[in-house]
Amino acid sequence: EDDFQFILCEGCCKELPNLKLLSCLHTLCLDCLSKNKPIGQCPLCRTAITQASGIPSTDNLLFTNLQARLEIYKKIIGGVDLFCDNCKKAGEFWCSECKEFLCTRCFEAHQRYLKMENHKAMRVIDIRAGSFKDFLKGTGKTSNLSCSNPTHESQIVSIYCKKCKRALCCICALLDSHHAPFCDIRSETQRRQEELGALSQELKQKRSGFEATYAGLKDEAARLERVQQEMREVIHQRVEQLVGLIRQEEEELLGLVEAGQEQGRRELSRELERVEGVLRRMEAGERLVEKMNLYAMEQEVMDMQPFIKDSLEELLHLPVAGDRTQPGDLTECRARLQAL
């Protein structure tokens with residue numbers, strides 16, 4: 001039944017024997033504990049395991065016994081190999097104290113000889129008609145404890161010593177009078193159940209505080225996630241804005257470079273034309289003087305010399321380089337780029 005899934009190993013969710021109870025109150029099988037990495041921690045909540053081997057020494061007797069009783073219940077429901085443990089006839093009764101199946105004849109003998117022992121035998125047909133919970137109710141409270149003293153194994157434990165904190169039979173209590181006062185084992189069992197119930201109630205109250213803290217931490221984690229996402233969006237938007245501004249500045253700087261270069265090209269072109277014209281005048285003057293020296297008559301020299309002289313002197317006084325701004329000056333552009 002779904003209500004009894006809790007008796008499975010909390011690690012592998014299998015019904016296995018030798019379940020161990022950890023100090024964190026998780027229950028695990030030996031396989032899960034042996035595979036546990038890192039050794040020394042509960043694989044579910046990471047609480048430290050004090051044993052060096054990583055295997056706790058405390059058995060979960062409740063889960064183990066429930067598994068055993070569940071196996072008996074499954075056997076009864078299945079009805080396979082259901083024989084009397086005494087005579088091997090068809091088993092029609094189950095005694096939770098003897099943990100044996102009984103046929104009708106053995107059941108009658110069982111009731112006759114053990115009528116003073118309060119053994120409660122249940123009909124197999126009645127067990128099948130009910131649920132596992134009903135089976136537990138019919139068998140759960142009838143089990144008696146046996147004395148731990150090897151010489152008193154047949155004695156039923158009914159007394160609890162508060163001083164040495166262990167259950168005793170009547171013989172042990174009479175022989176061990178130094179540990180008085182005693183109390184009834186049922187009373188001690190009830191007291192322990194009530195003590196666990198009180199601790200459970202306190203734990204529930206404290207758990208509400210942990211749940212509130214957990215919810216607050218979850219809200220804080222969600223808030224941090226939102227803040228992180230919002231900041232990512234802001235950073236993305238700001239970077240896009242900066243990229244746009246840088247692109248705009250790029251266009252302006254490229255335009256400034258282009259404009260400066262265009263102006264420089266025009267100035268260079270004018271200067272090239274001027275220097276080219278001067279060179280042509282100089283070549284013409286040199287050529288004319290050369291030809292006059294070779295072929296001019298006196299009258300021609302006397303008539304043309306003053307004009308040629310003025311032109312040559314004018315050429316001599318022309319500057320080699322004109323007064324102009326250095327073409328392609330990128331000083332302003334470099335300054336703006338450095339500022340950017």
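Start with the contacts of the whole chain. Residues 24 or more positions apart make up 44% of the contacts with a separation of 6 or more; contact here means heavy atoms within 4.5 Å. Keep in mind that this is a predicted model, in which local features need pLDDT of at least 70, side-chain atom pairs count only at pLDDT 80 or more, and totals for chains, interfaces and linings use all residues. Residues are numbered from 1 along each chain as its sequence is written, and side-chain values use heavy atoms, with hydrogens and water left out.

Colour by secondary structure. The chain has nine helices and eight strands. Both are DSSP runs numbered from the N terminus: helices are H or I with at least four residues, strands are E with at least two. Now colour by accessibility. Of the 340 residues, 23% count as buried, that is, under 20% relative accessible area with a 1.4 Å probe, protein chains only.

**Stop 1: C13.** Select C13, in the segment before β1 (20-21). Its phi is near 60°, a positive value in a residue other than glycine. Most residues other than glycine have a negative phi. C13 is exposed (over 50%), with a relative accessible area of 54%.

**Stop 2: R46.** Move to the loop between α1 (30-35) and α2 (61-78), where R46 lies. Here too phi is positive in a residue other than glycine, near 65°.

**Stop 3: α7 and α9.** Show helix α7 (residues 185-295) and helix α9 (residues 331-339). They pack at an angle of about 165°, with axes 9 Å apart. That makes α7 roughly antiparallel to α9, a label for angles over 145 degrees. Axes are lines fitted to C-alpha atoms over the stretch in contact, and angles run from 0 to 180 degrees between N-to-C directions. The crossing of α7 past α9 is left-handed: the near helix is turned anticlockwise from the far one by less than a right angle.

Which residues of α7 and α9 make the contact? From α7, select E249, E252, L253, L256 and V257.

Terms used:
Angles under 35 degrees count as roughly parallel, over 145 as roughly antiparallel, 65 to 115 as roughly perpendicular and the rest as oblique.
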